[in-house]
Amino acid sequence: MTVPQPTAPPAKYTVSGDRRMEMGVWWIAVVSPLLLWCCEGSSAHQLSVDPPQDLQIVDPGLLGHLYMQWKPPLSLEASHQCPVTYKLKYRNAGDTDWKVIFTKKLKYGDNFDLNRPVEAKVQTLLEGPCANGSEVQSEWTHASFQLPSQGALESRIQDFRCVYYNWEHLRCTWQPGRQAPPGARYELYYWYAGLGDPAQCADYIWTRGKTTGCQLLNLRQAEYLDINICVNGSAEPAQLQPSYFILQIKNLVKPPPPERLALSMSASKEIHVQWSSPEGGTPAECLEYEVQLQGSDGHADAAWSSASTQLETAFVFSQANGTRLSCVRVRGRTNIFCADQGFWSDWTQECFYVPREDGKQLFILVAVVLSFFSVVLVIVFAVHRKKRALAAKKLQPPTGC
């Protein structure tokens with residue numbers, strides 16, 4: 001009789017510590033992306049914001065100064081907890097770059113070229129507690145603007161040009177349009193910030209009974225501002241198409257020529273040139289100069305040597321190249337400290353010449369010759385006088401018996 005052996009309890013399945021750690025890492029690697037995706041999806045859904053409402057481009061009649069205005073998003077009209085910023089982009093149609101403005105206001109103004117359409121777009125930027133410390137952007141709201149078409153394209157003026165003479169008066173000129181009727185009359189209007197309403201030119205330039213330009217005075221307060229200009233007109237029965245321009249007159253300055261040009265030559269054959277800044281409205285600290293020297297050597301069309309100065313009103317030319325006869329002239333222009341560009345003044349009218357060495361020798365030779373002839377004349381005169389004295393002595397009658 002056999003005694004049954006007691007059966008051993010079933011063995012338990014155990015996992016080592018290393019194996020448990022590997023499973024945990026695997027679980028985190030699988031579950032974390034899912035949790036992150038869910039959280040991001042939920043956050044993105046919660047942190048959306050509406051775009052601004054009713055974007056408009058408004059023309060107040062300031063010859064190109066337009067206002068872009070909009071209303072806040074519907075979802076944020078009653079909220080005061082979330083700081084809201086608006087990102088505004090705008091440009092004239094055809095421009096490659098947008099102008100970008102960040103503002104908390106609901107209105108912004110700038111100057112545009114009304115010869116071309118205008119386009120703008122704005123979006124909402126949400127920050128603060130409502131955005132969980134991040135920034136949320138809305139979709140864009142778009143708007144465009146264009147003036148109604150008026151008159152034939154060829155009726156608008158052509159060759160429009162403006163020069164700001166001596167920082168004192170602006171002179172603008174133009175030519176009538178190619179298809180302008182014979183009785184067409186053009187008028188110029190201008191506006192800049194601080195002027196109020198647009199003003200009309202009070203001093204027109206006339207050519208054969210037609211207005212072909214305008215002179216504007218007292219623009220000191222507008223020298224560093226944009227000036228909006230419109231040249232339109234009337235002609236029966238046709239309409240003339242207006243032309244719009246934006247000017248910065250600081251870039252249109254033409255100063256007078258420099259004054260009191262003086263020239264001297266040193267013993268080392270260096271030519272010292274000095275001049276004075278022109279009088280009038282042009283600030284002396286806003287001028288640069290170009291100095292030119294011509295070595296003629298008997299040739300009227302000899303080349304000019306040029307040099308530039310910033311602010312200085314003196315320059316020294318070396319005569320080491322053998323040039324013996326020189327003409328010097330100077331002109332001025334607005335420098336980079338006061339403007340981006342400008343027009344050169346006319347050249348100084350005087351042309352100063354430096355005497356040549358052979359000229360000095362000729363002068364000495366002429367002096368010697370003149371001295372010689374003077375001595376000869378003195379001798380001749382003395383001989384002639386002596387002869388006359390002898391002749392007079394012979395003619396005297398004898399005295400006594």
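How do the residues of the lining of the largest pocket divide into nonpolar, polar and charged? The lining holds six nonpolar, six polar and two charged residues, where Ala, Val, Leu, Ile, Met, Phe, Trp, Tyr, Cys and Pro count as nonpolar, Asp, Glu, Lys and Arg as charged, and the others, Gly among them, as polar. The model is predicted, so local features need pLDDT of at least 70 and side-chain atom pairs count only at pLDDT 80 or more, while totals for chains, interfaces and linings use all residues. Residues are numbered from 1 along each chain as its sequence is written, and side-chain values use heavy atoms, with hydrogens and water left out.

A pocket here is an open set of points, on a 1 Å grid over the protein atoms alone, where a 1.4 Å probe fits, with protein on both sides within 12 Å along at least five of seven lines; lining residues have an atom within 4 Å of a point. Of its 14 lining residues, L114, L147, P148, S149 and Q150 lie nearest the centre. Domain 1 (56-145) and domain 2 (153-253) each supply at least three residues to this lining, the bounds coming from an automatic or database domain assignment.

The second largest pocket has a volume of about 160 Å³. Its lining comprises 13 residues, with N92, D95, K99, N111 and F112 nearest the centre. By class, four are nonpolar, two polar and seven charged. Strand β3 gives the largest share, three residues; strands (E, at least two residues) are DSSP runs numbered from the N terminus.

Turning to the sheet, five strands form an open arrangement in the order β13-β14-β10-β9-β17, with mixed pairing; two strands pair if DSSP finds at least two bridges between them. Both β13 (204-207) and β17 (253-254) are edge strands with a single partner, so one side of each lacks a neighbour in the sheet. Strand β9 (residues 158-165) runs parallel to β17 over two bridges, and Y165 has K254 as its bridge partner in β17.

Three disulfides are present, each a pair of cysteine sulfur atoms within 2.5 Å. One joins C162 to C172, with S to S 2.0 Å. C162 lies in β9 and C172 in β10 (residues 169-175), so this link ties together parts ten residues apart in sequence. Both C162 and C172 are buried, meaning under 20% relative accessible area (1.4 Å probe, protein chains only). Another disulfide pairs C286 with C338, and its -75 degrees about the S-S bond makes that link left-handed.

Methods. Points joined across faces, edges and corners; volume = space filled by probe spheres on them. Helix = DSSP H or I, 4+ residues; strand = E, 2+ residues; numbered from the N terminus. Buried < 20%, exposed > 50% of the residue type's maximum accessible area, 1.4 Å probe, protein only.
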